[in-house]
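Please open the structure in your viewer and keep the selection tool at hand, as this tour moves from one selection to the next.

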Amino acid sequence: MVVVAITAAFSLLVGLGFSFAGAWLVLPFAGLEVLAIAYAFYYIHCHAGDYESITIEGDSLTIEKHDYKYDSRTVFNRYWAGVLVRELPCGDHSLFLRSHGKEVEFGRHLMNDDQRLLLAEQLKKRVGVIT
Amino acid sequence: MSYASTAGHDEHHDHPTGIMRWLTTTNHKDIGTMYLIFSLIMFMVGGLMILAVRVELFQPGMQLMQPDFYNQLIGVHALVMIFAALMPAATGFANWMLPLQLGAPDMALPRLNNWGFWLLPPAAILLTLPFTLALFGIGDGAIATGWTFYAPLSVQGGIGVDFAIFAVHILGISSVMGSINVIVTIFNMRAPGMTLMKMPMFAWGWLITAFLLIATIPVLAGAVTMLLTDRHFGTHFFNAAGGGDPILFQHLFWFFGHPEVYILLLPVWGFMPQILQTFARKPMYGYKAQVYSFWGIGVLSVVVWAHHFFTVGMPVPALIYFMFSTMAISVPLAVLFFCWIATMWRGSMTFETPMLFAVGWIILFGIGGLTGLVLADVAADAQYHHTYFVVAHFHYTLFAGGIMGIMAGVYYWLPKMTGHMYNENLGKLHFWLTAISFNLTFIPQFFLGLAGMPRRIPDYALQFADFNAVSTVAALVLGLSQLLFIYNIVSCARGGKKATDKVWEGSDGLEWTLPSPPPYHSFTVQPVIK
């Protein structure tokens, strides 16, 4: 907030100064730029705390997600849950956990497809019918 | 500072390949590479333009071109070098190195990063297209006002001015996008434990650069938009006959133009102490003093703009204010020079190519700074203004201080980027040829300026002939020696001796903890700064 406020104050001050000198067209550009900076910081602020977690404890498999201000918590029976990997048109994969008609995507924030596939393999060993 | 880090291993690449990799990439290293390649191409384009100018100036009289075409070459050369070569080079390093140095997986806003880069090629085309068409007799050519767009000349200019206005707008948007990304990345993506005062100097240099761009780009955008409306929509912002003020344009332009010098130089000042400490094998001297000096220079740079047009006629108090405020910049700059020299003092120095460029850079940029002090003197400036003295001064500042600094950075980080060592002998040859020919090009121009030769003229009086001939021959050598640079980069990218992770014995920083070349995804686990 402090960074955005100082940047905005200086930019708008310059814009206003030149407006008083007759160059009022500086001000709209300064305003647009301040909006862009504020939005960039707001976006990062909103999503800085995003996370996904998966907990396997006893018979239960708990998936928790935090995306902006939305929290979700899904609990499956570990032995009834299934791991599903779908290929996307771009060649990447998305990972889902499902049970009793309910499906939850997991691993969107992983940095690459390999990590998602590795996680899917590891989950398959720990959930569903374990042999 | 010590580090604990984990680098991601990416034996399996899932990212797109071929042209789509480059068009759609959001990877900071890919985008950094594109910026650097683009910058190198435009450096050669701008260089060829000015070599044509120098050939024309080899002898008095008109040899090769008409005066209007000469003016186009001068203007487009400057715009290309500043906006399409130097700035993208600094942004390329920011993309490559900021996430690596801060311990971040990527820049904070990767898609914005991609857009920021892909705005550059259309802008470069807009800038050079009218000029290229004029070569084939189509249209009335590119902007012929010099890079400053001064009104009323630019109000009366041909369609090339409109092309340049749109190009500047696009380049400005790209710069603002890059700046927002840098600021957000630095404030949000630093590794745990990396406080602001533990950041590498390069990050500090870029942070202040980004703030300067944010502060000044709207002023340039407003100025060229007003120019556009004066040209086509009947406004009179800069037309004295309609109640406007052509001097207002100069104030607007230089409010952007002077900080622009520091925008080009601060990133170089940022990584140069890192190069010096690497090859002096001792810690950087005066980290805090350098950070505070950066801030001092950043703040002063936005309040000194009118020294670029002392001779236009200003009230005496304004002249005195701008003279002393300009001279005040030499205080933090002197602190920086002291720190750079003290970093080398009693170090176990070796002179690999990056260090040669760094030491040469200190000496030559020092000359640029000292001649700037001369120009800051109102009384002396009346004689030097608009002469070749100014041309020589700003080339010592921007070629030696900017481009030679960038070259030091390229040689320093190229093994890290490519995973191969460059040819050291070729690098050293490149340095010596560049340093000698650069001095032989521009020292004569100081004398020409002192003797009264004005800038931006295609013909000159006979007494200036000898110095111009020397300058032209040296400029041709300077231009040709850059082919060694390109050859060295290309051959290093294609293969060569394998570089180690640390590359240099004295290197210190997070980027050197990663493999050479770094994996596609840099830090899959955040490093911890202890």
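This is a predicted model: local features need pLDDT of at least 70, side-chain atom pairs count only at pLDDT 80 or more; totals for chains, interfaces and linings use all residues.

Residues are numbered from 1 along each chain as its sequence is written, with chains lettered from A and ligands numbered from 1 in the order in which they are written.

Select chain A, where the domain assignment, automatic or from a database, gives domain 1 (2–47) and domain 2 (51–126). The centres of these two domains of chain A, taken over C-alpha atoms, are separated by 42 Å.

Next, show chain B as well: 26 residues of chain A are in contact with 28 residues of chain B, a contact being two residues whose C-beta atoms, placed from the backbone, lie within 7 Å. On the side of chain A that touches chain B, α1 (2–20), α2 (26–47) and α3 (113–126) each supply at least two residues, and α2(A) gives the most, with nine residues. Helices here are DSSP runs (H or I, at least four residues), numbered from the N terminus.

Finally, select α4 (residues 110–118) and α7 (residues 159–188) of chain B, which pack at an angle of about 155° with their axes 8 Å apart; the axes are lines fitted to C-alpha atoms over the stretch in contact, and angles run from 0 to 180 degrees between N-to-C directions. α4(B) is therefore roughly antiparallel to α7(B), a term for angles over 145 degrees. Leu112(B) and Trp115(B) are among the residues that α4(B) brings to the contact, and Met177(B) and Ile180(B) among those from α7(B).

Technical notes. Angles under 35 degrees count as roughly parallel, over 145 as roughly antiparallel, 65 to 115 as roughly perpendicular and the rest as oblique.
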